[in-house]
Amino acid sequence: MVATCLHLAGFVCSFIGWIGVVVATATNDWVVTCGYTITTCRKMDELGSKGLWADCVMATGLYHCKPLVDILILPGYVQACRALMIAASVLGLPAIFLLITVLPCIRMGHEPGAAKYRRSQLGGILIILLAMCGVVATIWFPVCAHRETTIMSFGYSLYTGWIGSALCLFGGCVIVCCSGDAQTFGENRFYYGSGSSSPTHAKSAHV
């Protein structure tokens, strides 16, 4: 029972974390930058927003973005962070699918517990890889962006990526390390025979 609850908790954390990583990948408010000194930017009320896909200018009554479409002239860290975040988003699809198929409420015929256990472990490992891609990208990007310009603050996209990656790392570790073994996934399940409501007539079936 404890292993089942831990598995469900790991799945929920992983799913929410993956959604956060996808949101961080799709949005553009990673860091808030300043082209001048911080004091000048505050007086002029003119700030910049830098992300994976566009550079934006934020001023009073103005919000203009320039898409970063020319791959050949993009800094290497932007391209690398793009690739890492896209890889993280894509890895989440098979990982979540595998974890859904091993939930206690899902039963696929007379499948042995060892098969469900292997799928659970594979899904957990994919979630951990997803998290590591997200962690590297969300740390690498602001560090390199700070070398190009002055960073005033982090944007909501970066916070979303950090939280999502942390949840995925936690959920993946719980699934891999704490959700039981093959015997746990193959333990007896009980159902009642037709026409009988007494527990003494319960039958057991190995999954």
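Select helix H1 (residues 2-26) and helix H5 (residues 156-178). They pack at an angle of about 155°, with their axes 7 Å apart. Axes here are lines fitted to C-alpha atoms, for helices over the stretch in contact, and angles run from 0 to 180 degrees between N-to-C directions. The angle makes H1 roughly antiparallel to H5. The cut-offs: under 35 degrees counts as roughly parallel, over 145 as roughly antiparallel, 65 to 115 as roughly perpendicular, and the rest as oblique.

Now look at the handedness. H1 passes H5 in a left-handed crossing. A crossing is left-handed if the near helix is turned anticlockwise from the far one by less than a right angle, and right-handed if clockwise. By class, the contact of H1 with H5 has 15 nonpolar, 12 polar and no charged residues. Ala, Val, Leu, Ile, Met, Phe, Trp, Tyr, Cys and Pro count as nonpolar; Asp, Glu, Lys and Arg count as charged; the others, Gly among them, count as polar.

A word on the model. It is predicted: local features need pLDDT of at least 70, side-chain atom pairs count only at pLDDT 80 or more, and totals for chains, interfaces and linings use all residues. Residues are numbered from 1 along each chain as its sequence is written, and side-chain values use heavy atoms, with hydrogens and water left out.

**Next: H1 and H3**

Show side chains on both helices. On the H1 side, find Phe 11, Phe 15 and Trp 18 among the residues that meet H3. On the H3 side, the partners include Met 85, Leu 93 and Ile 100. Contact means heavy atoms within 4.5 Å.

**Next: the sheet**

Switch to the strands. Five of them form an open sheet in the order E4-E3-E2-E1-E5, with antiparallel pairing. Two strands pair if DSSP finds at least two bridges between them. Which strands stand at the edges? They are E4 (62-67) and E5, each with a single partner strand, so one side of each is left without a neighbour in the sheet. Neighbouring strands are turned by 25° against each other on average, direction ignored.

Select strand E1 (residues 31-34). Val 31 and Thr 33 point one way, Val 32 and Cys 34 the other, and all are buried. Buried means under 20% relative accessible area, exposed over 50%, and partly exposed in between (1.4 Å probe, protein chains only). In a regular strand the side chains alternate between the two faces of the sheet.

Step to the partners of E1:

- Strand E2 (residues 46-50) pairs with E1 in the antiparallel sense over 3 bridges. Look for Thr 33 opposite Gly 48.
- Strand E5 (residues 150-154) pairs with E1 in the antiparallel sense over 4 bridges. Look for Val 32 opposite Ser 153.

Now move towards E4. E2 and E3 form a hairpin with 3 residues between them. They pair over 5 bridges, antiparallel. Lys 50 stands opposite Asp 55 in E3. E3 and E4 also pair in the antiparallel sense, over 6 bridges. There, Asp 55 stands opposite Lys 66 in E4.

**Next: Cys 56**

Stay in strand E3 (residues 54-59) and click Cys 56. Is Cys 56 buried or exposed? At 4% relative accessibility, Cys 56 counts as buried. Leaving aside neighbours within four places in sequence, the contacts of Cys 56 include Asn 28, Leu 47, Tyr 63 and His 64. Now pick Asp 29, 27 residues away along the chain: its C-alpha atom is 8.8 Å from that of Cys 56.

**Last stop: the whole chain**

Zoom out. The chain has 6 helices and 7 strands. Helices (H or I, at least four residues) and strands (E, at least two) are DSSP runs, numbered from the N terminus. Along the sequence the pattern reads α-β-α-β-β-β-α-α-β-α-α-β-β. Of the 207 residues, 41% count as buried. Among contacts with a separation of 6 or more, 68% join residues 24 or more positions apart.
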